[in-house]
Amino acid sequence: MAGPLLPTLLPDTAQVLEGDVVVGGVSLTELAATYGTPLFVYDEATLRARAAEAAAAFDDGVAFATKSFLCGAMARLAHEEGLCVDVATGGEFDLVRRAGVPASRVIVHGNNKSEAELVAAIDAHVHRLVVDNFDEIARLRGLVSATRPVSCLVRVTPGVEAHTHEFIRTGQEDSKFGFSLSSGDARRAIEELRSIPGVTLHGVHAHIGSQIFELDGFVATLRILADFTRGDSFDEVCIGGGLGVAYVEGESAPSLTEWGRTLRAAAAEAGLATTRLLAEPGRSIVASAALTLYRVGTVKPVAARTYMAVDGGMSDNPRPVLYGSGYEAFDVARPLAERSRSLRLVGKHCESGDVIIDEAWLPEATGVGDLVATPVTGAYGYSMASNYNRVPRPAVVFVADGVAREVLRRETFEDLARLEA
Ligand code: LLP
């Protein structure tokens with residue numbers, strides 16, 4: 001038995017009314033009627049508020065991690081709010097450049113950057129290239145010169161184990177990312193990079209994982225980085241992304257402001273008061289700004305439980321299947337009703353694992369044809385969406401001040417067929 005959904009999981013501008021929920025001044029019922037379902041709805045005010053909060057909490061050069069959610073409109077929004085953007089592949093780099101973000105505001109990551117990706121970054125004069133491995137350093141030696149320079153950070157693994165799911169934990173020594181501090185590789189990488197004319201090394205970078213609620217792991221990492229770089233006279237340190245968000249009732253996460261304040265204090269204590277303090281939040285900027293609208297297609301009671309199937313599933317939200325992530329659901333037309341009925345909310349894909357919420361609570365009356373929404377789907381939903389079972393990707397709308405704008409249209413069967421030779 002669950003009460004009505006708590007507004008804390010909804011975007012900042014959400015208004016819960018008697019028979020509808022309004023976000024950004026736009027009715028969710030009307031959005032579903034206009035754009036169809038499944039539909040990602042992003043509240044632009046929430047996106048802008050979180051992006052501006054991140055920009056204020058850290059120093060200039062703090063970046064939005066585009067892997068969490070990327071389209072042209074999102075890249076521009078992050079840029080307008082004063083953030084750099086971090087890309088991890090040539091595809092992300094291409095999109096942010098098409099969107100008009102200047103290369104001087106792009107940070108290029110990747111644990112296996114191709115020569116073409118390195119050339120594109122160097123030729124465009126990106127803000128920072130984050131160097132990951134010795135093979136990349138060897139490639140840079142052939143590409144960079146005094147007349148073809150590049151600004152870098154070195155990615156290191158601090159040996160900190162974050163309290164999060166194993167697949168999204170990255171700071172530990174046994175990792176495919178970065179140079180190990182304890183083995184001496186990180187020190188050797190710094191020396192090698194310093195020997196390449198044209199490379200300017202600004203500092204070190206560490207990313208310990210994602211969906212982290214406790215700030216102590218970030219603080220420990222910062223201290224380790226401070227100790228490691230004492231005497232290097234670097235001017236930047238980047239703590240990566242990873243700040244967690246609340247997905248279900250009962251969870252609570254520190255704000256971006258608290259994250260920045262805690263790290264700023266730790267940096268000062270560790271002797272980094274004059275070093276630019278940077279981060280790369282993704283999830284904490286976009287997750288709670290969005291919700292997904294689905295239409296219920298069938299309700300099937302079996303002996304063990306009731307299955308409620310909607311018109312999306314693991315193709316638009318693979319996180320429950322991949323990480324066992326929890327979500328809440330609410331009935332858009334009955335947002336104030338008690339959610340007294342337990343059921344399994346599933347998608348339309350051809351496998352039993354296609355579960356959106358293992359035990360969802362919805363009002364007794366919710367049934368076929370109704371609109372069900374899952375909040376906090378703004379991060380790693382659309383960006384990890386697939387066409388499994390040749391299901392087209394949903395449309396994405398941004399809502400603000402009573403107006404909806406489609407920033408990504410729904411895929412069509414023609415789109416899906418376009419790669420046929
Ligand atoms: N910086 C680096 C180097 C990263 O690898 C990541 C995320 C971020 C920043 C942004 O982290 P965030 O603030 O979003 O936690 N698909 C998984 C999350 C994978 C995170 C990968 N790296 C999920 O859905 O939980």
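Guide: Gladly! Helices (H or I, at least four residues) and strands (E, at least two) are DSSP runs, numbered from the N terminus. Phenylalanine 330 sits in strand E16, residues 330-331. This is a predicted model, where local features need pLDDT of at least 70, side-chain atom pairs count only at pLDDT 80 or more, and totals for chains, interfaces and linings use all residues. Residues are numbered from 1 along each chain as its sequence is written, and side-chain values use heavy atoms, with hydrogens and water left out.

Visitor: Why is phenylalanine 330 called buried?

Guide: Buried means under 20% relative accessible area, exposed over 50%, and partly exposed in between (1.4 Å probe, protein chains only). Phenylalanine 330 has 3% relative accessibility, so it counts as buried.

Visitor: What does phenylalanine 330 touch, not counting residues up to four places away in sequence?

Guide: Contact means heavy atoms within 4.5 Å. With that sequence exclusion, the residues touched by phenylalanine 330 include Leu5, Val21, Leu291, Leu371 and Pro375. Leucine 371 is 41 residues from phenylalanine 330 in sequence, and their C-alpha atoms are 8.6 Å apart.

Visitor: Serine 315 lies in a loop; between which elements?

Guide: Between strand E15 (306-310) and helix H11 (319-323). Serine 315 is also buried, with a relative accessible area of 3%.

Visitor: What makes the pairing of serine 315 with histidine 349 a polar contact?

Guide: A polar contact is a pair of N or O atoms within 3.5 Å; within protein, one must be able to donate a hydrogen and the other to accept it, and residues adjacent in sequence count only if both atoms are side-chain atoms. The side chains of serine 315 and histidine 349 make such a contact at 2.7 Å.

Visitor: How do you know that the ligand lies between domain 1 and domain 2?

Guide: Domain bounds come from an automatic or database domain assignment. Domain 1 (7-43 + 287-417) and domain 2 (44-285) both give residues to the shell around the ligand, so the ligand lies between them. The domains' C-alpha centres are 31 Å apart, and 29 residues of domain 1 are in contact with 23 residues of domain 2.

Visitor: Which polar atoms lie 2.4 Å and 2.5 Å from an oxygen atom of the ligand?

Guide: At 2.4 Å there is a polar side-chain atom of serine 210. At 2.5 Å there is an N or O atom in the side chain of arginine 319.
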